[in-house]
Amino acid sequence: MQAYEDQWVSFGDLIYLHEETSGTVGAEGFTDPRVCCFNGNDGYEFGRDCTFKLLPQQMYTMAKQLKQVSESLAPEKLAQLTEEARRERAHNESEVATSAGRSLRYGKIVQLQHTSSGSLVSVSP
């Protein structure tokens, strides 16, 4: 018999999202960054394009700053910001590795990584 902990959704699990009236959530991911609902009438078949990996919330503060101001900074400040962004990436990778297999709890913020493209799903207003 499986342990009680093994019966729940965990970080690192692959999931797909399906709603009976709208269809299955999926994305092409490489040439088209949009996430859409595919129903059985559109000729699209469920597959890797409809699976997502559950990841813990990641930080992007330094990466966003670097992207916004990289051309207008002095070289020493740019180097410092680049190093901080590298540390932020390393922290994110460490958090993903250490959380793998841990059960999700209600209210926990997660990120969805598109399985076939590796892109992270984001919501823009």
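These legends go with several close-up views of a predicted model.

**View 1. The whole protein chain, from one end to the other.**
Let's start with the parts list: the protein chain has 2 helices and 6 strands. Walking along from the N terminus, you pass through the elements in the order β-β-β-β-β-α-α-β. Of the 125 residues in the protein chain, 23% are buried. Now take the contacts with a separation of 6 or more: 66% of them join residues 24 or more positions apart.

**View 2. The sheet built from β2, β3 and β4.**
Here is an open sheet of 3 strands, and its order is β2-β3-β4 with antiparallel pairing. Which strands stand at the edges? They are β2 (18-19) and β4 (35-38), and each has a single partner strand, so one side of each is left without a neighbour in the sheet. If you're wondering what holds such strands side by side, strands of a sheet pair through backbone hydrogen bonds, and the pairing can be parallel or antiparallel.

**View 3. Zooming in on β2 and β3.**
Strand β3 covers residues 23-27, and β2 pairs with it in the antiparallel sense over 2 bridges. Which residue of β3 is the bridge partner of glutamate 19? Look for glycine 23.

**View 4. The sheet built from β1, β5 and β6.**
This one is also an open sheet of 3 strands, with the order β1-β5-β6 and antiparallel pairing. Its edges belong to β1 and β6: each has a single partner strand, so one side of each is left without a neighbour in the sheet.

**View 5. Strand β5 and its link to β1.**
Is β5 mostly covered or mostly uncovered? This strand, residues 52-56, is mostly covered, with 4 of its 5 residues buried. One of its pairings is with β1 (residues 14-15), which runs in the antiparallel sense over 2 bridges. To find the spot, pick out isoleucine 15 and then its bridge partner in β5, phenylalanine 52.

**View 6. Strand β5 and its link to β6.**
How many bridges join β5 to β6? There are 5, and the two strands pair in the antiparallel sense, with β6 spanning residues 110-114. A handy pair to look for is proline 56 and valine 110, where the valine sits in β6 and the proline stands opposite.

Methods:
Residues are numbered from 1 along each chain as its sequence is written. This is a predicted model: local features need pLDDT of at least 70, side-chain atom pairs count only at pLDDT 80 or more; totals for chains, interfaces and linings use all residues. Side-chain values use heavy atoms; hydrogens and water are left out. Two strands pair if DSSP finds at least two bridges between them. Buried means under 20% relative accessible area, exposed over 50%, partly exposed in between (1.4 Å probe, protein chains only). Contact means heavy atoms within 4.5 Å.
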